[in-house]
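The sequence and structure come first, and the notes follow.

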Amino acid sequence: MSLIHLEKVTRRYQMGGETIHALREVSFTIARGEYVAIMGPSGSGKSTLMNIIGCLDTATSGTYVLNDVNVSEMDDNQLAEVRNKEIGFVFQTFNLLPRANAFHNVELPLIYAGISAEERRRVTVEALTSVGLADRMTHKPNEMSGGQRQRVAVARALVNHPSILLADEPTGNLDTKTGEEIMGVFEELSRQGNTIILVTHEEDIARHARRIVRIRDGLIASDEARR
Amino acid sequence: MRYSSEFLEGLRIAWDAIRANKLRSGLTTLGIIIGIVTVTLMATAIQGLKRGFVQSISALGADVLYVQRTGWFINSEAEWRRQNKRADITYAQFRALARQLNLARAVAPQVDTGRPVKYKNRTSSSVHIIGTTDQFLYTGGLTVAEGRFLSSAEAEGGRPVCVIGAQTATNLFVGEQAVGHRITIGGYRFEVIGVLEKQGDFLGAFSLDNQVIIPVQQFTTLFWHDPDYTIQVKAISLDALDDCREELRGVMRKIRHVAPGDEDDFAINQQSEFLKTFDKVIGTIATAGLFITGLSLFVGGIGIMNIMFVSVAERTKEIGIRKAIGAKRRTVLMQFLTEAASICLMGGLIGLGLAWPLTLVMARFMPATMSLSVVGLAILVSLMTGVVAGFLPAWRAARMNPVDALRNE
Ligand SMILES: Nc1ncnc2c1ncn2[C@@H]1O[C@H](COP(=O)(O)OP(=O)(O)OP(=O)(O)O)[C@@H](O)[C@H]1O
Ligand SMILES: [Mg+2]
């Protein structure tokens, strides 16, 4: 059974008089529990694709079905709810709230989900512990290393037990060693059955995934399983 | 549950944002502070004026009707000329009225004049002399401090006794008891049988304590033979005032032989007419005050709106992050409204803090105190200003596209 199904998804941007085709009728399917890497040169449309899968952006045309629900027809509020419940995002630049400590950053999606304070505390501590940051809960982002920040971001992405974990170049701002550490975390999450989609342009990183989709100029150039 | 958590989160964000930009928040708040100080002082002053007015007309009992030849408030010269042609109200009419009224607790006639009053070598040159009966104690709402008031026998009889006001007593008697001594009123000797409690003044115009009350019989014999009487009628209760007024009117028309269909040839005056007239004046003042206040709050509100637009622009990225992890439009809207309202509420509280000593200064000139209703009004107005001024910026934040917002650095 497919978790994600894209059918002829197109995304165009209007820049003055010029039309940019970021995605051209892209169709593919991802099943529950898959670990997919999306690769391609800069400007090929990887982030655009991720944003559409993550319900941050909507397609200009085509349909997107997530968990048997047609997302392409949802309004703003419904999309926000899907992002809150079904999607966990990890960004290249971490995107943590600078003034909030690690605990509060991770707790935030639970607040938006309307979960009670005690339950939030329990789940947040659990998530931070699972990424090895039990002793950094009261630290603010600027008091942590890049690797630690990205772990906070991973904990935040996981805290609501989403259907998909989306990571857009999660190691892009990290050195090789720290990057490998984060990839270790992803590996473990995949083993536990989480669905992971990862954007990268490093072959070393993509090697962790079990399926690689290559994009060029808004089109899927290749889609193959590894090993 | 869900909303309270979101609201707490909104408060926390607001507090963080205010703390992170102390100077900016402070300067922005200034406009609101000034606005709230104006609102508070204006409202307090109006309440004070009103209270002062009510105090100074309290000599006119709220449950007392004043039957007179002419009305207190005459709007035109023609009306004044017409009323001036009316026949005087006589003592006989007072007697008839007092006999026939059922809804009155007390009925007293009143005539007055000014005369010099002497005791030994001390003189009060112009004292308010009132001729009345024992019932005046009730209709006038008087309290006797020393001695006693006129008895009904004295009121109708010819014995020259008098009750004097507190100030008249201190003017004439130095180191001496007033009761039991004889004073000279306009050349005639009267025995002082009582001294009244201090009453203050009437609308600041004249003192109610510099007066001498004598039996109406003495007054008409010695000073004025056929005066125009005022009849004071105290209703059996404040609730019965309107019924009493109706009864009074009917009886009075009969006594004065007013033909059915003709208009009254007398007036029934009461305290509430003063209040009505005063309310009209105060209404005008309040409207002008409201306008000035509104203007200063408007300026303050513009400042808030401006700073909120800046705040939204600065935190575009944060908005993007929050939306990416599931904040709805409503949540973001509430967040920024809470922030604007918090800034304004802070301004409101500081404004109240500043207005407090100013109210004390004001209290020297009028009976002004910062009432709970004024405090409530100030808080409400500051919150409202925040919500109204913050709406446009908050709406802009709420409608941001998450991808565009995230791209912002
Ligand atoms: N908001 C936008 N307005 C106009 N054009 C855009 C916008 N966002 C993306 N594009 C264009 O769409 C194309 C795809 O962009 P996208 O960000 O998806 O590329 P990418 O594969 O993620 O590249 P990179 O590896 O550099 O992150 C690019 O040509 C880009 O210029
Ligand atoms: Mg990209």
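## Helix α5 of chain A

In this predicted model, helix α5 of chain A covers residues 146-158, 13 residues in total. From first C-alpha to last, α5(A) reaches 18 Å, close to the 18 Å expected at 1.5 Å a residue; the expected span is 1.5 Å times one less than the number of residues. Helices here are DSSP runs of H or I with at least four residues, and strands are runs of E with at least two, numbered from the N terminus.

α5(A) is mostly covered, with 11 of its 13 residues buried (buried: under 20% relative accessible area; exposed: over 50%; partly exposed: in between; 1.4 Å probe, protein chains only). Among the buried residues are G147(A), Q148(A), R151(A), V154(A) and L158(A). The cover over the buried residues of α5(A) includes β6 (87-90), α3 (102-113), α4 (117-130), β7 (164-168) and α6 (176-191) of chain A, together with α11 (316-324) of chain B.

## Basis of the values

Residues are numbered from 1 along each chain as its sequence is written, chains are lettered from A and ligands numbered from 1 in the order in which they are written. Local features need pLDDT of at least 70 and side-chain atom pairs count only at pLDDT 80 or more, while totals for chains, interfaces and linings use all residues; side-chain values use heavy atoms, with hydrogens and water left out.

## Helix α3 of chain A and its partners

The axes of α3(A) and α5(A) come within 7 Å and cross at roughly 25°. Axes are lines fitted to C-alpha atoms, for helices over the stretch in contact, and angles run from 0 to 180 degrees between N-to-C directions. The angle makes α3(A) roughly parallel to α5(A) (under 35 degrees is roughly parallel, over 145 roughly antiparallel, 65 to 115 roughly perpendicular, the rest oblique). The contact (heavy atoms within 4.5 Å) joins A102(A), N105(A), V106(A) and P109(A) of α3(A) to V152(A), A155(A) and R156(A) of α5(A). By class, this contact has 5 nonpolar, 1 polar and 1 charged residues. Ala, Val, Leu, Ile, Met, Phe, Trp, Tyr, Cys and Pro count as nonpolar, Asp, Glu, Lys and Arg as charged, and the others, Gly among them, as polar.

For α3(A) and α4(A), the axes come within 9 Å and cross at roughly 125°. That makes α3(A) oblique to α4(A). The residues in contact include F103(A), E107(A) and L110(A) of α3(A), and R120(A), R121(A) and L128(A) of α4(A). The classes are 9 nonpolar, 1 polar and 3 charged residues.

## Helix α2 of chain B

Helix α2 (residues 22-56) of chain B packs against helix α12 (residues 329-362) of chain B at about 40°, with the axes 7 Å apart. The angle makes α2(B) oblique to α12(B). The contact has 15 nonpolar, 7 polar and no charged residues.

T44(B) lies in α2 of chain B and is buried, with a relative accessible area of 0%. Not counting residues up to four places away in sequence, T44(B) touches T359(B), M362(B), A368(B), T369(B), M370(B) and V374(B). T44(B) and R364(B) are 320 residues apart along the chain, yet their C-alpha atoms are separated by 13 Å.

## S124 of chain B

S124(B) belongs to strand β3 (residues 122-132) of chain B and is buried, at 7% relative accessible area. Leaving aside neighbours within four places in sequence, its contacts are R115(B), P116(B), V117(B), N171(B), L172(B) and N210(B). S124(B) and F291(B) are 167 residues apart in sequence and 49 Å apart in space, C-alpha to C-alpha.
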